[in-house]
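Please read the points below with the model open beside you, and check each one as you go.

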Amino acid sequence: MMADVKKLEIPEPVVRLGEAFRGAGHELYLVGGYVRDRLLGGHEEAKPDADATTGARPAEIKRLLRPLADDLWAVGERFGTIGATVGGYAVEVTTYRSDLYTEGSRHPEVRFGDSLVEDLARRDFTINAIAADALTGEISDPFEGRKDLESGVIRPVGDPLDRMRDDPLRMLRAVRFETTLSKPDKPFALTTDLEKAIRENARWLESISAERIREEFEKVLLSENVTAGLRALVRLGLMPYIVPEFMETLKVEQEAEFHHKDVFEHTLIVVQNVENTPVLRKAAFFHDIGKPRTLVYEHRCTYCGAKSAQKTTGEGECEVCRGRTIPKKIHFYGHENVGAGIARRAMKRLAYPKDDTDAVSHLVAHHMRPMGYAVGRDPWSDSAVRRFVRDTYLARGDKVLADVDMLLKLARADITGSAPRRRRVAEASWQSLKDRVDEVRAEDSIERLESPLDGNDLMRMFDRPPGRWIKPIKDHLQGEVIEGRLAKDDTGTARQLAEAFAREHDLFGEE
């Protein structure tokens with residue numbers, strides 16, 4: 001039984017810290033995830049880092065750490081935290097404290113304390129309120145967190161409202177722990193009073209910075225139980241304070257011939273099945289988020305058969321013959337472009353890096369391209385495949401942000417959310433497209449095909465200074481290379497084509 005575990009094995013570098021603090025008359029306890037994960041049996045997989053707490057004040061912590069530290073940082077000093085690397089371990093030591101957020105404020109009031117129990121009492125959940133002496137490994141568990149770890153329970157320390165009020169981010173952390181700690185043979189779940197407190201006070205997230213919300217959301221997205229995590233964020237009313245547009249996907253029906261789930265359920269399937277990388281998980285999350293705003297019903301006249309697009313499912317009047325129209329199909333015209341815009345705005349609100357935002361919105365904007373291959377009556381030519389590869393490529397400098405391989409992985413996951421009777425056909429089409437892409441890429445590095453003439457070449461050739469006139473010529477020459485009509489090193493033909501293009505489009509006007 002986990003509750004019977006009395007001691008943890010403490011690594012030697014941390015023991016040295018315990019000795020230094022004990023020698024100066026201070027306790028030093030390991031706390032939080034370090035203790036929790038080792039009690040759960042994650043010692044071998046755990047990162048070599050740890051959180052610790054002590055009665056010493058920040059200045060004294062620095063004095064004690066400095067002789068033992070390979071590196072020292074004090075970015076959290078005003079909150080009582082000093083960090084150091086000691087023998088390969090990254091350790092952050094924090095003075096016993098209590099934090100309090102006032103509603104509407106993003107900056108907690110920090111109060112230093114004097115006892116371990118007082119410090120543990122202000123922590124979020126009992127499973128995180130277990131401490132181990134950094135010198136002896138002896139466990140202190142005043143709130144019976146070991147029992148809750150054994151039972152798979154996420155329980156607040158004390159009154160749930162008090163704990164959420166201390167730091168509203170704990171509402172997201174509750175979902176994150178439920179999601180990431182759950183295993184097939186041992187699920188974790190929130191207590192009913194905790195769920196109630198979160199549902200009734202989700203608005204408190206408005207006081208939390210976008211960066212902190214993003215970090216918790218990212219951990220849910222990258223978890224093995226991402227579907228359960230996203231469901232919990234929606235069920236508890238937290239999603240409106242993360243990506244409110246996602247709530248629009250609930251109960252939005254799709255064409256039954258292609259999808260057997262609504263947009264929300266389909267999205268969960270795709271997110272769960274896509275390769276678990278940060279960009280692809282977010283691209284899957286956002287890939288159909290534009291559908292609710294582009295939903296139209298294709299109506300047909302029961303008399304003359306004329307088609308029309310309407311926003312409602314009710315019967316209408318035919319604009320051609322005034323006969324009765326009824327809905328036959330569902331369409332989401334342009335949802336990929338609308339979704340790319342939503343993804344860009346949502347990720348900007350959450351303060352994601354620009355590279356991540358550009359990569360995700362690029363993949364969302366292009367995620368329907370493989371469908372164009374699937375429904376095309378004629379096979380794509382080699383030049384069409386080259387254009388596809390080139391269009392899906394996005395780089396900034398030498399860093400590749402998105403490419404055809406990532407898009408095909410997203411498309412493959414999208415198929416898993418298709419109606420069963422369409423899935424086999426879609427899988428065959430996807431494999432055919434991938435084979436064509438591999439064949440064409442084997443001949444050349446399509447992503448890096450460029451015009452034989454760069455900007456400097458064109459300026460010398462036309463004896464003109466830099467200007468907007470360069471790009472259309474370069475794009476035209478690059479297109480000719482991609483189409484296979486111009487060799488990538490044929491500068492002679494490129495000059496002829498450049499001159500002809502400039503004349504045809506009157507780029508320089510009368511001179």
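Notes on strands and cores

1. Before anything else, please keep in mind that this is a predicted model. Strands of a sheet pair through backbone hydrogen bonds, either parallel or antiparallel.

2. Seven strands make up an open sheet whose order is 3-4-5-2-1-8-9, and the pairing in it is mixed. At its edges lie strand 3 (71-73) and strand 9 (139-140), each of which pairs on one side only. Within this order, strand 4 (residues 81-86) and strand 5 (residues 89-95) are antiparallel and share six bridges, and Gly 83 can be found opposite Glu 92 of strand 5.

3. Strands 14 and 15 form a hairpin with six residues between them, and in the turn Arg 322 has a positive phi of about 70 degrees.

4. Which residues have the most contacts inside the largest nonpolar core? They are Phe 217 and Val 243, in a core of 107 residues, to which helix 18 (residues 404-415) gives the most, with eight residues. Leaving aside residues up to four places away in sequence, Val 243 touches Phe 217, Phe 285, Phe 286, Ile 289, Ala 346, Arg 349 and Leu 350.

5. In soluble globular proteins, nonpolar side chains tend to be buried together.

Methods:
Residues are numbered from 1 along each chain as its sequence is written. This is a predicted model: local features need pLDDT of at least 70, side-chain atom pairs count only at pLDDT 80 or more; totals for chains, interfaces and linings use all residues. Side-chain values use heavy atoms; hydrogens and water are left out. Two strands pair if DSSP finds at least two bridges between them. Helices (H or I, at least four residues) and strands (E, at least two) are DSSP runs, numbered from the N terminus. A nonpolar core is a set of buried Ala, Val, Leu, Ile, Met, Phe, Trp, Tyr and Cys residues joined through side-chain atoms within 4.5 Å. Buried means under 20% relative accessible area, exposed over 50%, partly exposed in between (1.4 Å probe, protein chains only). Contact means heavy atoms within 4.5 Å.
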